[in-house]
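Take a look at the model first, then read on.

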Amino acid sequence: MTNKVTKAGSISRRRLLTTASAGAALAVSPFRINLLQAEEAPIKIGFPVPLTGPYGAEAQDQVRAGQLAVAQFNDAGGLNGRKAELVVRDDKLNPGEAATRTLELVEKEKVNFVVGSLSAAVQLAINNVTKERGVIFNSISQSDAINEAADFSKYTFHEALNPHMTSGAVGRYAFTKFGKKVAFLTADYAYGHEMVRGFLEVGKEFNIENLGDIRHPLGTTDFSTLLPRLQSLKPDILCISNFGRDQQIALKQATDFGIKKSIQIIAPLLSHASRVAAGPQAFEGVVGGCSFYWGIDDKFASTKAFNDAFRKMYDGKLPTDYGALGYGGVRTVLEAVKGAGSVETDKVVTALEALKYDYYKGPQYYRKCDHQSVQSVLVIKSKSKDMKNESDVFEVLSTEEPNEKNLRTCEALGHKS
């Protein structure tokens, strides 16, 4: 009689063939193909910005710099070989359009994250969609409301300056040098309202006198009935709180009316794209704020590296202020992805909250309570002489270094202490 001995580790030929056949079937099965595709799918960043309309030039700058951040991430190997992709949409500077495009990005394109916006109202519409669906949104446009508890969620981050920071820095500079009597020309939407609120708040420290606030709709092309009324108030300072094409037209017409001869014009925000589009005469002598200027590359190695990379990618061109925000907004998210080793939302949120970074303008970090980027604010003046190159259109007058004291408190924003 033959004793049959079966070893625990042995496998019969029939079982081996059966297992191999099953493995081969799995290898070519739709399930396996879908699994591989999921593993190799790019990390998608939705990027809704107003490519058409009065802020189109700034939006194009945002896209170019955002693409640079993606290219650098991919060139460095991505996330364990997994590459990133920027999925751009035109929000047309319209909250309803922005909500529709963001929903499309989340549900159809299956983006992992959203970065973008160039309007206070539009970014709130984007934020409403992303926070309801648990998608990280890093806003690269100015807003105070997005930091407030009513609009904030743990998925909301704010790479841009906010009006309180910007108007505070410009006001502290201007009210000590140009006088106390102030009149306002204001775009009649959230951005303009928040900027004026910021100026009036900081103005309390200097006992400024508010002579009046004349408001105009977005897209105004004729200020000829408004500027004489402001001029008749005889202010020391005229604060023009609008942006993009509106600002360009207002400054051109203010120059034509001779307002600069007796009144200092300030703006909470001066954009490189607007200054280039309108030319030196319209902006001559105007003082304002910004988040970034390429000319600080003698102060920060990160600025020089950003300038050099942008030049290389875009035929010698230099990055702009809003371009830098596009770069920072995308890069911080991708750096957090690498830090988390994952695209899982909660892990990336944690990594963003822990991020201490210097990618393009000096040190920054996201404040815990509202995810506002704590950063420097530059006070600048338009210039037309002693220019190093065609992009050298501003002089940096002063810098407010990163300081949480220059932000609204967490409690004032409605966050629990």
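Contact here means heavy atoms within 4.5 Å. Helices (H or I, at least four residues) and strands (E, at least two) are DSSP runs, numbered from the N terminus. This is a predicted model, where local features need pLDDT of at least 70 and side-chain atom pairs pLDDT 80 or more, while totals for chains, interfaces and linings use all residues. Residues are numbered from 1 along each chain as its sequence is written, and side-chain values use heavy atoms, leaving out hydrogens and water.

Start with the sheet: it's open, has 5 strands in the order β2-β1-β3-β4-β5, and pairs in parallel (two strands pair if DSSP finds at least two bridges between them). β2 and β5 sit at the edges with a single partner strand each, so one side of each has no neighbour in the sheet. From one strand to the next, the twist averages 20°; angles run from 0 to 180 degrees between N-to-C directions, with axes fitted to C-alpha atoms, for helices over the stretch in contact. β1 and β3 pair over 2 bridges, and G46 has V114 in β3 as its bridge partner.

Now the helices. α5 lies across β1, β3, β4 and β5, at about 165° to β4. It also packs against α4 at about 35°, with the axes 8 Å apart. Here's who makes that contact:

| Helix | Residues in the contact |
|---|---|
| α4 (residues 95-107) | P95, A98, A99, T102, L103 |
| α5 (residues 120-132) | A121, V122, A125, I126, V129, T130 |

By class, the α4 and α5 contact has 9 nonpolar, 2 polar and no charged residues (Ala, Val, Leu, Ile, Met, Phe, Trp, Tyr, Cys and Pro count as nonpolar, Asp, Glu, Lys and Arg as charged, the others, Gly among them, as polar).
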